Amino acid sequence: MGPITANDNQAMIALRHLSHWYGPFQALRDVSFQLAPGRIGLLGPNGAGKSTLLKILLGLLPPSSGGGRVLGHALGEDSAALRRAIGYMPEADALIPGLRGAEYVALAGELYGMPRREAQRRAHEVLTYLELEEARYRRLEEYSTGMKQRLKLAQALVHDPPVLLLDEPTSGLDPAGRDAMLRLLLTLGREHGKAMLLSTHLLGDVERVCDTVLILHQGQLLLQGGVAELCRRRHDRYRLQIQGEATAFCEELRLEGVRILHDNGRGELRVAVPPNWVTRAFFALADNHHVLLRGIQPDDEDLEELFHRVLNEEGRHGRESESGGGA
């Protein structure tokens, strides 16, 4: 690993050539990045190495090679102090049967190093903030899945850390529960200044909450940057807002070589146009079929398209390397 720099000490997380093996299996491969505080998504399919990376950042696993710093703490040194500065929400429940909600969160506070009375006071405050006030004296085994997820978030927040590491925070939640959790995380970031690294395989979670994304695949960092910057601006796609009977309008668009990518049934279309298309053609075709074209705007690549594009490009490069190696 190269020398630690001043920038590494100032970054929230700075890693240099980090690798980790489980026996013969390499879970992380030469991962290097530097992150300023913010809302960061760690995105990748299951098995990409996300949970291994989080455990190394927490000091629970040593790197096999390479290293780095988290909040100025060198990995592998003074792990207890590092964990006091971080709130960790694990994917697995890790709940203690028989404990009540307030007891469990207060215990987490004590394990983070808080005095008992302060931990108890903060446990009640955090549970109230997360709308678990009425459930705080229930036993943990009586909690629903959504309540357990909020309880895990409560124990990560109890000691008021500046940074949260969140491992699949919406796992197992129904759509309403997932929406509520994402709104909570966004509020914690925007209004309470919490930096967070959100590890997930769900692109929608990152798109809702994060402004920066890391894409991890097969233990390698494929891409890092701002979500808005990384998503390509496309000049062949548009979003249309229309009013009126659209069936004939859409049919003529298809005859002109336009692909209807999505029709939400409420007057919003995503379309891909052929080469040399001019936008005034939309208005002419709409007028022909007595449809009011209320809005038209370029349709940039979304995070899901970015993710699949990056994985496809990586797969193509891998196949080219293999064929080149076999020559």
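Two strands are said to pair if DSSP finds at least two bridges between them. Strands themselves are DSSP runs of E with at least two residues, and helices are runs of H or I with at least four, numbered from the N terminus. With that settled, I turn to the model.

This is a predicted model, in which local features need pLDDT of at least 70 and side-chain atom pairs count only at pLDDT 80 or more, while totals for chains, interfaces and linings use all residues. Residues are numbered from 1 along each chain as its sequence is written, and side-chain values use heavy atoms, with hydrogens and water left out.

Which residue of β14 stands opposite Gln 241? That residue is Gly 295.

The aromatic residues come next. Rings of Phe, Tyr and Trp (for Trp, the six-membered ring) pair if their centres lie within 6.5 Å; planes under 30 degrees apart count as stacked, over 60 as edge-to-face, and the rest as tilted. By this rule there are two aromatic pairs. In one of them, the ring centres of Tyr 238 and Phe 282 are 5.7 Å apart with planes at 70°, so the pair is edge-to-face. Tyr 238 lies in strand β11 and Phe 282 in helix α11, so this pair ties together parts that are 44 residues apart in sequence. Trp 277 and Phe 282 have ring centres 5.2 Å apart and planes at 55°, so that pair is tilted.

I now move to charged side chains. Side chains of opposite charge can pair when their charged atoms come close. A salt bridge is a side-chain nitrogen of Lys or Arg within 4 Å of a carboxyl oxygen of Asp or Glu. How many salt bridges does a search of the whole structure find? The search finds 13.

One of them joins Asp 299 to Arg 239, with the closest N and O atoms 3.0 Å apart. Asp 299 lies in the loop between β14 and α12 (303-325) and Arg 239 in strand β11, so the pair ties together parts that are 60 residues apart in sequence. Is Asp 299 buried or exposed? Asp 299 is buried, with a relative accessible area of 2%, whereas Arg 239 is partly exposed at 32%. Leaving aside neighbours within four places in sequence, the contacts of Asp 299 include Tyr 238 and Arg 270.

A second example is Asp 179 with Arg 208, whose closest N and O atoms are 3.0 Å apart. Asp 179 belongs to helix α7 (residues 175-190) and Arg 208 to helix α8 (residues 203-209), so the pair ties together parts 29 residues apart in sequence. Asp 179 is partly exposed at 30%, and Arg 208 is partly exposed at 36%.

Finally, I come to the six-stranded sheet. This sheet is open, with the order β6-β7-β8-β3-β9-β10 and mixed pairing. Its edge strands, β6 (86-89) and β10 (220-226), each pair on one side only. Neighbouring strands of this sheet are turned by 15° against each other on average, direction ignored. Strands β3 (residues 39-43) and β8 (residues 195-200) pair in the parallel sense over five bridges, and Ile 40 stands opposite Leu 197 in β8. Helix α6 (residues 145-157) lies across β6 and β7 (163-167), running at about 165° to β6.

Note on methods. Buried means under 20% relative accessible area, exposed over 50%, partly exposed in between (1.4 Å probe, protein chains only). Contact means heavy atoms within 4.5 Å. Axes are lines fitted to C-alpha atoms, for helices over the stretch in contact, and angles run from 0 to 180 degrees between N-to-C directions.
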